Amino acid sequence: MDPFLVLLHSLSGSLSGNDLMELKFLCRERVSKRKLERVQSGLDLFTVLLEQNDLERGRTGLLRELLASLRRHDLLQRLDDFEAGTATAAPPGEADLQVAFDIVCDNVGRDWKALARELKVSEAKIDGIEEKYPRSLSERIRESLKVWKNAEKKNASVARLVKALRTCRLNLVADLVEEAQESVSKSEDMSPVLRDSTVSSSETP
């Protein structure tokens with residue numbers, strides 16, 4: 001799985017409806033009205049920018065500018081990590097986990113302790129995480145996932161995470177994780193011709 005597509009999918013999944021509206025507004029002079037009308041998600045917009053060569057792995061200036069305009073410093077940090085080599089150096093399975101972690105952090109909420117326990121994170125570790133991040137629920141979740149990943153090493157997988165989510169009756173979050181994996185795979189396999197027919201349309205003179 002292309003790490004850059006994984007990054008774009010991760011960013012897209014963290015955008016709110018208002019974020020998407022603002023991005024479309026900011027791109028109105030760069031992307032045609034017809035194409036913008038077809039954009040239903042951040043990933044749709046990123047795909048159009050990729051097709052127009054306005055965005056690519058080695059040229060993320062526009063993406064950085066857009067995220068800065070949204071004041072989404074958390075997403076800028078993900079981009080910084082990618083460009084520093086964190087995402088690029090990660091093996092495919094770990095790239096998949098990063099997408100899953102982002103979704104879990106955005107959606108699990110106060111059930112994080114139940115999930116952590118299901119993932120065999122000790123009570124001592126859970127208490128330590130609460131002390132370390134007293135005001136940030138999402139950071140508590142992310143830290144507990146890191147603890148699990150570090151303990152499981154190569155055995156940590158999206159499938160195991162999904163199983164734990166379902167055991168905790170967090171089925172909606174599990175569904176989101178599975179859909180994200182399928183969506184990124186489809187984005188990677190999608191040919192330019194198919195992209196043109198599903199996401200954007202060719203402009204007629």
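## Ground rules

Since this is a predicted model, local features need pLDDT of at least 70 and side-chain atom pairs count only at pLDDT 80 or more, while totals for chains, interfaces and linings use all residues. Residues are numbered from 1 along each chain as its sequence is written, and side-chain values use heavy atoms, with hydrogens and water left out.

## Overall fold

The protein has 14 helices and zero strands. Here helices (H or I, at least four residues) and strands (E, at least two) are DSSP runs, numbered from the N terminus. Buried residues come to 43% of the 205 residues; buried means under 20% relative accessible area, exposed over 50%, and partly exposed in between, with a 1.4 Å probe and protein chains only.

As for contacts (heavy atoms within 4.5 Å), take those with a separation of 6 or more: 65% of them join residues 24 or more positions apart.

## Helix α1

Helix α1 spans residues 3-13 and is mostly covered, with 10 of its 11 residues buried. Among the buried ones are Pro-3, Phe-4, Leu-5 and Val-6 at one end of the list, and His-9, Ser-10, Leu-11 and Ser-12 at the other.

## The second largest pocket

On a 1 Å grid over the protein atoms alone, a cavity is a set of points where a 1.4 Å probe fits but cannot get out, and a pocket is an open set with protein on both sides within 12 Å along at least five of seven lines; lining residues have an atom within 4 Å of a point. The second largest pocket has a volume of about 410 Å³, where grid points are joined across faces, edges and corners and the volume is the space filled by probe spheres set on the points. There are 23 lining residues, and the closest to the pocket centre are His-9, Ser-12, Gly-13, Ser-14 and Ser-41. Elements giving two or more residues to the lining are α1, α2 (17-26), α4 (42-51), α8 (92-107) and α13 (171-189), and α8 gives the most, with five residues.

By type, the lining divides into seven nonpolar, 12 polar and four charged residues. In that scheme Ala, Val, Leu, Ile, Met, Phe, Trp, Tyr, Cys and Pro count as nonpolar, Asp, Glu, Lys and Arg as charged, and the others, Gly among them, as polar. Domain 1 (3-88) and domain 2 (92-188) both give residues to the lining, so the pocket lies between them; the domain bounds come from an automatic or database domain assignment.

## Cys-105 and Arg-142

Cys-105 sits in helix α8 and counts as buried, at 7% relative accessibility. Setting aside neighbours within four places in sequence, Cys-105 is in contact with Ser-138, Ile-141, Arg-142 and Leu-145. Glu-143 is 38 residues from Cys-105 in sequence, yet the two are 9.7 Å apart, C-alpha to C-alpha. Arg-142 belongs to helix α11 (residues 137-152) and is buried too, with a relative accessible area of 18%. Not counting residues up to four places away in sequence, Arg-142 touches Arg-78, Phe-101 and Asp-102 as well as Cys-105.

Cys-168, at 22% relative accessibility, counts as partly exposed. The structure holds zero disulfides (pairs of cysteine sulfur atoms within 2.5 Å).

## Gln-52

Gln-52 is in the loop between α4 and α5 (61-70), and is partly exposed with a relative accessible area of 24%. Beyond neighbours within four places in sequence, Gln-52 contacts Arg-30, Val-31 and Lys-35. Gln-52 and Arg-30 are 22 residues apart in sequence and 9.3 Å apart in space, C-alpha to C-alpha.
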